[in-house]
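Please look over the protein shown below.

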Amino acid sequence: MPKKRRAVPGVRSYDGPAGGWGALKATAISVRTQMDTLEAPATLLRTNQPDGFDCPGCAWPDKEHHSTFQFCENGAKAVTWEATSKRVTPEFLAQHTVSSLLQKTDFELEGYGRLTHPLAYDPGTDTLRAVEWDEAFNRIGEILRGMLSPDQVEFYTSGRASNEAAWLFQLFAREYGTNNFPDCSNMCHEATSVGLPRSIGIGKGTVSLDDFDDAQLIISIGHNPGTNHPRMMGTLHELARRNVPIIVFNPLRERALERFADPQNVIEMATYSSTDIASTYYQVKAGGDAAALKGIMKALLVLDEQQGDIIDHDFIATHTQGFDLSAADLAATGWQDIENESGLTRQQLAAVAAAYAKSSATIVTYGMGVTQHNKGTATVRLIADLLLMRGNFGKPGAGICPLRGHSNVQGNRTVGITEKPSKAFLAQLEKVFGFVPPEQHGHDAVKAMQSMVDGTSRALICLGGNFAVALPDPEKCFPAMKALELSVHIGTKLNRSHLLVARESYILPCLGRTELDTQASGRQAVTVEDSMSMVHASSGKLKPASPLLRSEPAIIAGLASAVLPETKVPWAELIADYSRIRDLIEKTVPGFDNYNQRIATPGGFRMPLPPTELKWPTDSGKAMFSVFNGVHEDADVQGDDVLRLITLRSHDQYNTTVYAMDDRYRGVFGRRDILFMNDVDLDKRGLEHGDRVDIETVVSGRKLRLENITVIAYNIAPGSVGAYYPEANILVPLDYIDKESGTPSYKSVPVRVVHSASA
Ligand SMILES: Nc1nc2c(c(=O)[nH]1)N[C@H]1C(S)=C(S)[C@@H](COP(=O)(O)OP(=O)(O)OC[C@H]3O[C@@H](n4cnc5c(=O)[nH]c(N)nc54)[C@H](O)[C@@H]3O)O[C@H]1N2
Ligand SMILES: Nc1nc2c(c(=O)[nH]1)N[C@H]1C(S)=C(S)[C@@H](COP(=O)(O)OP(=O)(O)OC[C@H]3O[C@@H](n4cnc5c(=O)[nH]c(N)nc54)[C@H](O)[C@@H]3O)O[C@H]1N2
Ligand SMILES: [Mo]
């Protein structure tokens, strides 16, 4: 008997499939509220077309990049949000103090529209005032040259930056003298970038879109493609219609993984029908994936003993090392521990093993549900182990598929945004440019912020993003931003990190992907690398939001020229024609041979992926099995009343950018102050659907609290609760990280939930 529940404002169950007409309607609304509607159709149709721009929405690839326009609700939101006709003018800023703007929500701040002028903070009036570009560059140059050490400066990159911008940015910082490169990847897929090289020799996925045509089984762990990689839904939809099993592991029932109506599919649209996506849906506990993966592998070993021919012993002997140790550890791991930690039964995990044993080509896809945990790196390695056990590399239809975040986050890393550069890369920079780059490793995102908190880092230069809001623990991060001597933000829209002003702060407004970028040699294109390692060109056509905007490469060149009077890099020449930047990328980064020629073909080219040819660039030259100690995450907190908090994205947001206040598929409308909780956990606490609660973090010596949140009954694994990012970041301690990769454990914060004291 379903429980009778009280009505909660803005909360109602969503019974339809994901996608469908609701997606078309939502797109129409974002076009109407943001864009000049005359420009909208042409702009949206240029998304991911050969002569168009790369969609800033996500890093999922497109077939050949010249197919017909693929409708995507959240891609359209990302485009219309950038191509908005709203503007943040100097007049507006003169009337609003920075302190008053800080009282606004993230949604309101970006909602004011595009930045139009370079801005400097004026402490006398507490406002941002327009400045000339050269005034900003010169003053930033003076301050940076005055630092005691280049290592007092942090150079942050958000993964929307193009290859050209990112490569110039690392060149600038390394010529200046530091490897401090915090980047959004450190909060995202760092567990992949650290774990996969240890297992298979490279930190990237190994599948292409074509592999999905040949796959016989998909295992999807910890990602929500209906919202975050919507174009992937077309692929999953096709597979489901061909009866390829899709096994999902996710604590929440995500609607798009259950049922999806493809807006591309005329019949589904006309008949209001939909397709079931997941063949089986396992509601694993938050942080329970390692246990589940170990259970599946343990069951697979048993099957192999019983039936033979399940484990690919030939593949293991030829291509791998460490299998025996891994198998011994699996044998020693008890079922009771596996069941407790995963929340799944031995029978369920054995059923997955049986399905896996039947498939001759399997792809495992995964996202933040795997990486944002304090054993994220070790869990990524278990996924590789599972695939290696049946030789699922180097053949069609098989491999590993980490779903990247920002549309060019993978490319940023490829071209040198890393705090741990290889010796070979540094040597090549020295050879080509004749300056000696610093060897000492620098800071990742958490270390950069910790150095700002303890006062050793004094300046922050951000190529995009919203550093302080994306990181955990605003109670520590926000004051640290304000204590800096200098902060500089290259951005398109106002956000909170810009407003947490330092002693001196500059905001430098840049062109977005959709806009025309004209330099001395004419219209320019930039390049990006998608989740499947395809590199292709992107160029916008829209008239820039303001005549004063500069491109990201031009701004970086302007900064570098002002900071480094003796520079060895011909910055102005490079900006006149971006193909010269690409020539230099080709000279300094392996895999970019004939870069300019190869991006002239629609669809571009693929970066080298040795594991697809059964080559393993690990130390041993073989793929390496791993051993995951036990089944637990690091948090040393037990207790019946402790829950694991997952922080996640709503359907209407892009990271810290909130487009609107709805989360349609989860049935939440017009609000974000929500905690999702299972009925069993509600009952245990004497709570009811709609009650106001306070949430308190259990791991920290400090008191981290989020108060007066509405708890709602939701189909989420018992023991796990969910709340929205970035609001819930206040509950995530800055040092609560995966020690191997430095990634914050955004998806397994131990918390207690009680009736709100303020209700
Ligand atoms: N529209 C839109 N698109 C985006 C973004 C956006 O914010 N909006 N962000 C971009 C970026 S930077 C990224 S990194 C990606 C993020 O894309 P996702 O990886 O999909 O990220 P999240 O929304 O954080 O959701 C993670 C999913 O993991 C599940 N999960 C949480 N904890 C666990 C766990 O312990 N185990 C398992 N198995 N599952 C778990 C959650 O229930 C949720 O369904 O999307 C990119 N694309
Ligand atoms: N609690 C919690 N925290 C998380 C996560 C989570 O799941 N839970 N996810 C983490 C993840 S996966 C990521 S990737 C990070 C994201 O961290 P970031 O990448 O730092 O954050 P974004 O919100 O994507 O950045 C938005 C800002 O980018 C600027 N911008 C937009 N377009 C452009 C452009 O074309 N050029 C430039 N220069 N600027 C532009 C705008 O000013 C906008 O305000 O957050 C992390 N934080
Ligand atoms: Mo991300």
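## Salt bridges and domains

The count comes to 32 salt bridges, a salt bridge being a side-chain nitrogen of Lys or Arg within 4 Å of a carboxyl oxygen of Asp or Glu. This is a predicted model, in which local features need pLDDT of at least 70, side-chain atom pairs count only at pLDDT 80 or more, and totals for chains, interfaces and linings use all residues. Residues are numbered from 1 along each chain as its sequence is written, chains are lettered from A and ligands numbered from 1 in the order in which they are written, and side-chain values use heavy atoms, with hydrogens and water left out.

Side chains of opposite charge can pair when their charged atoms come close.

| Glu258 | Arg253 | 2.9 Å |

Glu485 sits in the loop between helix H26 (474–482) and strand E16 (486–491), and Arg458 in the loop between helix H24 (445–453) and strand E15 (459–463), so the pair ties together parts that are 27 residues apart in sequence. Helices (H or I, at least four residues) and strands (E, at least two) are DSSP runs, numbered from the N terminus. Glu485 is partly exposed, at 25% relative accessible area. Arg458 is buried, at 17%.

Asp694 is buried, with 2% relative accessibility. Arg705 is partly exposed, with 26%. Shared partners link Asp694, Glu696, Arg705 and Glu707 into one network of salt bridges.

Now the domains. The assignment gives domain 1 (87–179 + 442–600), domain 2 (190–203 + 212–407) and domain 3 (643–755). Such bounds come from an automatic or database domain assignment.

The C-alpha centres of domain 1 and domain 2 are 37 Å apart. Where they touch, 7 residues of domain 1 are in contact with 7 residues of domain 2, contact meaning heavy atoms within 4.5 Å. About 520 Å² is buried between domain 1 and domain 2, with 46% of it from carbon and sulfur atoms. That buried area is the accessible area (1.4 Å probe) that two parts lose on being put together, summed over both. On the side of domain 1, Gly159, Ser531 and Met532 lose the most area to domain 2, together 60% of what that side buries.

How many salt bridges are there between domain 1 and domain 2? The count is 0.

Gly195 lies in helix H9 (residues 190–200). Gly195 is buried, with a relative accessible area of 0%. Leaving out residues up to four places away in sequence, Gly195 touches Thr377 and Arg381. Gly195 and Glu740 are 545 residues apart in sequence, yet 8.4 Å apart in space, C-alpha to C-alpha.

Note on methods: Buried means under 20% relative accessible area, exposed over 50%, partly exposed in between (1.4 Å probe, protein chains only).
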